[in-house]
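Keep the sequence and the 3D view open as you read.

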Amino acid sequence: MSDFYQLVIHNVEVATMANDNDYGVINDAAICINNGIIQKIIANANSQDIEIETENSIDGDGRWVTPGLIDCHTHLVYGGNRANEFEMRLEGASYEEIAKAGGGIISTVSATRNTSKDELFKASAKRLSYLIDEGVTSIEIKSGYGLDLKTEQKMLEVAHELETYSPIEISKTFLGAHALPLEYKDRAEEYIDLVCEEMMPQLHQQGLIDCVDAFCENIGFDLKQTRRVFEKAKSLGLPVKLHAEQLSNLDGSKLACEYQAWSVDHLEFLPEENIPYLKQSGTVATLLPGAFYFLGETKLPPISALREHKIPMAIATDSNPGSSPCLSILLMLNMATTLFKLTPLEALQGVTKHAAKALRIDSKVGCIKEGMQADMVLWDIESPAELSYRIAGNPCHTVIKKGEVILSKNSHSN
Ligand SMILES: [Zn+2]
């Protein structure tokens, strides 16, 4: 008697990403799926005389399969666009001139406040589609361009609606402590009151927050203010993560680890002696090569020390209009290898199993094994390293989310 499956993907080479030190390759595999869950993976399926009954099958034609990619740090929902400012800067305008012309983060805040929820949804859905085209099946989206209750709520509602209307899963992060809005100039403490006493509790009550983030930096919020945000999150039972050590070292990562942060992100200025704190708290180091590249940074995150301490390193787009207007997770794999010198294996781990850990969804996605959700991508590549090696060009062939084909270059189903 043979088993029956709703979907079988056969004739594929699988990079399961289930191991720590290699791709976990299964050759000539057949992946059997029921109810969106991987039930069975058969190796060397063509050379065995096995009968599998299935409702639907996909002949992978020898293609590579990886887990669905995960973008664990984005600011995908925002109004407006800063291409004009980019142009002004390259034509020689100073920061003051750009600020006077209404540029910088504050321009995105005012555009986001002034964009209707429908328009915000449309613009964000379009950006999201670029990521899905490259095999992204789970994503994190932060608020942080509203900086008032109404607009922070609008951003998180848009993130929630994107999850309802698109096939992919979205983790929603409240980043009220992203920047100081103009109306609170020189009154940072009062703004943190607003974040902690009004925004966070109300948005949490509406079920709009999965995790709380802050921007701990000289141009953001200091350690004491960040601690207030984390204390409030803790009192509401919400987990935290942090934008830390991007432009200077304030020891934000150390503070975040006190609160068992899911991840600390950027980390160019992370001192090596603080790395053991990440280890103790199980915190993921999320690296954002797009912002490093776009800002022309030169100080590298302490990659070899993170590697030595076996800290899981995630890679993400940091998609945002100011410092990383990036809509390509594959380009981030390339930059993680060329700029940060990660190996192609580490880079791919960074957008699969380690990104899953950064969002604490690693019990169901991030690698291909029995019992995991059937989120997978079929690629037109000769080896997994090609995903990092290429500069642009999209070899994504088929994207499968929870056992359903959500994108296919041509139909191989029968
Ligand atoms: Zn960010």
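## A word on burial

A residue is called buried when its relative accessible area is under 20%, exposed when it is over 50%, and partly exposed in between. With that in hand, D251 counts as partly exposed, because its relative accessibility is 27%. Please keep in mind that this is a predicted model.

## The zinc site

Which residues hold the zinc ion? The ion is coordinated by the NE2 atoms of H73, H75 and H243 together with an OD atom of D318, at 2.1 to 2.4 Å. Along the chain, these donors follow the spacing H-x1-H-x167-H-x74-D.

Why is the arrangement around the zinc ion irregular? The angles subtended by the 4 donor atoms run from 83 to 168°, and a tetrahedral site would need all angles to lie between 85 and 135 degrees. For comparison, the ideal angle for four tetrahedral donors is 109.5 degrees.

## The largest pocket

If you are looking for open space, start with the largest pocket, which has a volume of about 1100 Å³. It is lined by 35 residues, and those closest to its centre are R82, G104, I105, F215 and I219. The elements that give two or more residues to this lining are α1, α2 (95-100) and α3 (105-113). By type, the lining residues of the largest pocket divide into 16 nonpolar, 13 polar and 6 charged.

## The second largest pocket

The second largest pocket holds about 370 Å³ of space. Among the residues that line it are D20, N21, R307, K310, P312, E346 and H354. Two or more lining residues come from each of α11 (303-308) and α13 (344-350), and α13 gives the most, with 3 residues. This lining divides into 5 nonpolar, 3 polar and 4 charged residues.

## Cysteines

How many disulfides does the model have? The count comes to 0. C257 is in no disulfide, and the nearest cysteine sulfur, that of C216, is 12 Å away. C257 counts as buried because its relative accessibility is 6%.

D251 is found in the loop between β10 (242-244) and α8 (252-258). A392 lies in the loop between α15 (386-389) and β15 (396-401). Is A392 buried or exposed? At 55% relative accessibility, A392 counts as exposed.

Finally, visit G60, in the loop between β4 (53-59) and β5 (64-67). G60 is buried, because its relative accessible area is 0%. Its C-alpha atom is separated by 28 Å from that of K357, a residue 297 positions apart from G60 along the chain.

Methods. Residues numbered from 1 in each chain as written. Predicted model: local features only at pLDDT ≥ 70, side-chain atom pairs only at ≥ 80, totals over all residues. Heavy atoms only, no water. Donors = N, O, S within 2.8 Å, 3.2 Å for Na, K, Ca; no water. Tetrahedral: all angles 85-135°; square planar, octahedral: opposite > 155°, others 65-115°. 1 Å grid on protein atoms, 1.4 Å probe; cavity = no way out; pocket = protein on both sides within 12 Å on 5 of 7 lines; lining within 4 Å. Points joined across faces, edges and corners; volume = space filled by probe spheres on them. Helix = DSSP H or I, 4+ residues; strand = E, 2+ residues; numbered from the N terminus. Nonpolar A, V, L, I, M, F, W, Y, C, P; charged D, E, K, R; others polar. Disulfide = S-S within 2.5 Å. Buried < 20%, exposed > 50% of the residue type's maximum accessible area, 1.4 Å probe, protein only.
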